[in-house]
Amino acid sequence: MASELNQIASWSLRWRIVLASGLCLMAALSAAQPPDTNVVLHAEQRFQLALEAQTARDYRTMLDELRQAAGEGSAEAQEMLGMVLLAGPTLYGPEIQADRCEARGWMLRAASQGSDMAKTQLTFLNRLRQSPAGRNTCE
């Protein structure tokens with residue numbers, strides 16, 4: 001009787017191992033699938049992807065995601081895009097070119113949504129434009 005119980009326990013353990021292995025394999029295969037191109041991302045999701053790209057130091061992807069999220073109206077993305085375009089290669093390497101005029105445009109859009117940080121940055125940009133080296137206006 002004891003040997004039969006041991007045999008049943010052994011088979012039960014083997015089935016559990018096989019089942020767990022199969023589930024792990026299915027999970028790995030589903031995670032390895034390419035992303036669905038029909039998925040629609042919202043501006044907030046794109047902003048989060050931009051933050052992840054920044055953490056991974058993938059600045060080209062960060063800039064692309066920020067542009068899309070900012071274009072869809074995300075004030076956070078507009079603020080960050082303005083800051084990225086102000087800093088340019090100083091913080092983000094040669095991939096990202098500084099563009100004070102485009103930065104100003106994104107900061108204006110964020111400020112129109114009530115962003116205090118964007119308003120502060122616009123004040124800073126206006127001071128730069130009034131300095132002798134910054135006379136190149138954006139209009």
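Buried, here, means under 20% relative accessible area. Keep that cut-off in mind. And keep in mind that this is a predicted model.

Start with a pair of tyrosines. Take Y92. Its relative accessible area is 11%, so Y92 counts as buried. Now Y59. That residue comes out at 15%, so Y59 is buried as well.

How many aromatic pairs does the count come to? One aromatic pair. Y59 and Y92 form it, and the geometry is edge-to-face. The centres are 5.1 Å apart, with 75 degrees between the planes. The cut-off for edge-to-face is over 60 degrees, so 75 degrees qualifies.

Where do the two rings sit? Y59 lies in helix α3, residues 59-71. Y92 lies in helix α5, residues 89-92.

Step back to the whole chain. It has seven helices and zero strands. Read along the sequence, the pattern is α-α-α-α-α-α-α. The chain has 139 residues, and 27% of them count as buried. On contacts, take those between residues at least 6 apart in sequence. Of these, 47% join residues at least 24 apart.

Next, the surface. The chain exposes about 9600 Å². Carbon and sulfur atoms supply 58% of that area.

One surface feature to look at is a nonpolar patch. Which residues form it? W11, W15 and V18. Together they have about 390 Å² of accessible area. Zoom in on W15. Its place is in helix α1, residues 2-31. Is W15 buried or exposed? Exposed: its relative accessibility is 59%, and the cut-off for exposed is over 50%.

Last stop, a glycine. G114 is found in the loop between α6 and α7. Helix α6 covers 100-112, and α7 covers 116-130. The relative accessible area of G114 is 42%, so G114 counts as partly exposed. That class sits between the 20% and 50% cut-offs.

To recap. Y59 and Y92 make an edge-to-face pair, and both ends are buried, Y59 at 15% and Y92 at 11%. G114 is partly exposed, in a loop between two helices.

Conventions: Residues are numbered from 1 along each chain as its sequence is written. This is a predicted model: local features need pLDDT of at least 70, side-chain atom pairs count only at pLDDT 80 or more; totals for chains, interfaces and linings use all residues. Side-chain values use heavy atoms; hydrogens and water are left out. Patches are made of residues with over 30% relative accessible area and no salt bridge: like charges are joined within 9 Å, nonpolar side chains (Val, Leu, Ile, Met, Phe, Trp, Tyr) within 5 Å. Accessible areas come from the Shrake-Rupley method with a 1.4 Å probe; for residues, only the protein chains shown count as cover. A salt bridge is a side-chain nitrogen of Lys or Arg within 4 Å of a carboxyl oxygen of Asp or Glu. Helices (H or I, at least four residues) and strands (E, at least two) are DSSP runs, numbered from the N terminus. Buried means under 20% relative accessible area, exposed over 50%, partly exposed in between (1.4 Å probe, protein chains only). Contact means heavy atoms within 4.5 Å. Rings of Phe, Tyr and Trp (its six-membered ring) pair if their centres lie within 6.5 Å; planes under 30 degrees apart count as stacked, over 60 as edge-to-face and the rest as tilted.
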